[in-house]
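Work through the exercises below with the structure open beside the text. Each task is followed by a solution in steps.

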Amino acid sequence: MAVRDDELPHLRRCVELAAEALEAGDEPFGSVLVSGDGTVLAEDRNRVASGDRTRHPEFELARWAAAHMTPQERAAATVHTSGEHCPMCAAAHAWVGLGRVVYVASSEQLTSWLAEWGVPEPPVRPLPVSAIAPNVTVDGPVPELTDDIAALHRRFHRPSG
Ligand SMILES: [Zn+2]
């Protein structure tokens, strides 16, 4: 399945949430949970600046889904996100039985940007969602929004560059 035109507004909202995270001193990531009938159910942004490095938006949305949705509703839902789920979030997504993932930028793209900017490697290996959750359908990257996300990450890691 490819990324549909009617999903672009959700992905643009993810970019806005990532920008909000950056303004708040957080890493620029944002995610939107959309039901099978296209209704926005929940959204969140990165909140690791609190000191808790597990406060990723995809993890929060997985927990929200487990608390508020039936297994059938979760399976029909899509998580839109500015950056492909990390292994922690991919595992949470699969454990709660959420459906498709659509991301703007892949973990591979983010990893190459960070290497280019000389950012130290993270403590968790940046594997693709498919390596963690083989039954989850994943679509991305979305070229028309990738530059916007790259610019946000660049501002976070190289504020003077
Ligand atoms: Zn994550």
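A salt bridge is a side-chain nitrogen of Lys or Arg within 4 Å of a carboxyl oxygen of Asp or Glu. The model is predicted, and side-chain atom pairs count only at pLDDT 80 or more. By this rule there are 12 salt bridges.

**Exercise 1**

Solution: 
- Step 1. Buried means under 20% relative accessible area and exposed means over 50%.

**Exercise 2**

Task: Find which helices the salt bridge between Glu23 and Arg155 links, and classify both residues by accessibility.

Solution: 
- Step 1. The side chains of Glu23 and Arg155 form a salt bridge, with an N to O distance of 3.1 Å.
- Step 2. Glu23 belongs to helix H1 (residues 8–23) and Arg155 to helix H7 (residues 143–157); the two residues are 132 residues apart, and the pair links distant parts of the chain.
- Step 3. Glu23 has a relative accessibility of 62%, so Glu23 is exposed. Arg155 has 45%, so Arg155 is partly exposed.

**Exercise 3**

Solution: 
- Step 1. Arg55 is partly exposed at 28% relative accessibility, and Glu60 is partly exposed at 24%.

**Exercise 4**

Task: Describe the surroundings of strand S3 (residues 78–83) and the partners of Thr81.

Solution: 
- Step 1. Six of the six residues of S3 are buried, so the strand is largely enclosed by the rest of the structure.
- Step 2. S3 pairs with strand S1 (residues 30–34) in the antiparallel sense, over four bridges. Here Thr81 is the bridge partner of Ser31.
- Step 3. S3 also pairs with strand S4 (residues 100–105), in the parallel sense and over five bridges. In S4, Tyr103 stands opposite Thr81.
- Step 4. Together with helix H4 (residues 87–95), S3 and S4 make a right-handed β-α-β unit.

Technical notes:
Residues numbered from 1 in each chain as written. Predicted model: local features only at pLDDT ≥ 70, side-chain atom pairs only at ≥ 80, totals over all residues. Heavy atoms only, no water. Buried < 20%, exposed > 50% of the residue type's maximum accessible area, 1.4 Å probe, protein only. Pairing = 2+ DSSP bridges. Right-handed = clockwise from strand over helix to strand, strands pointing away.
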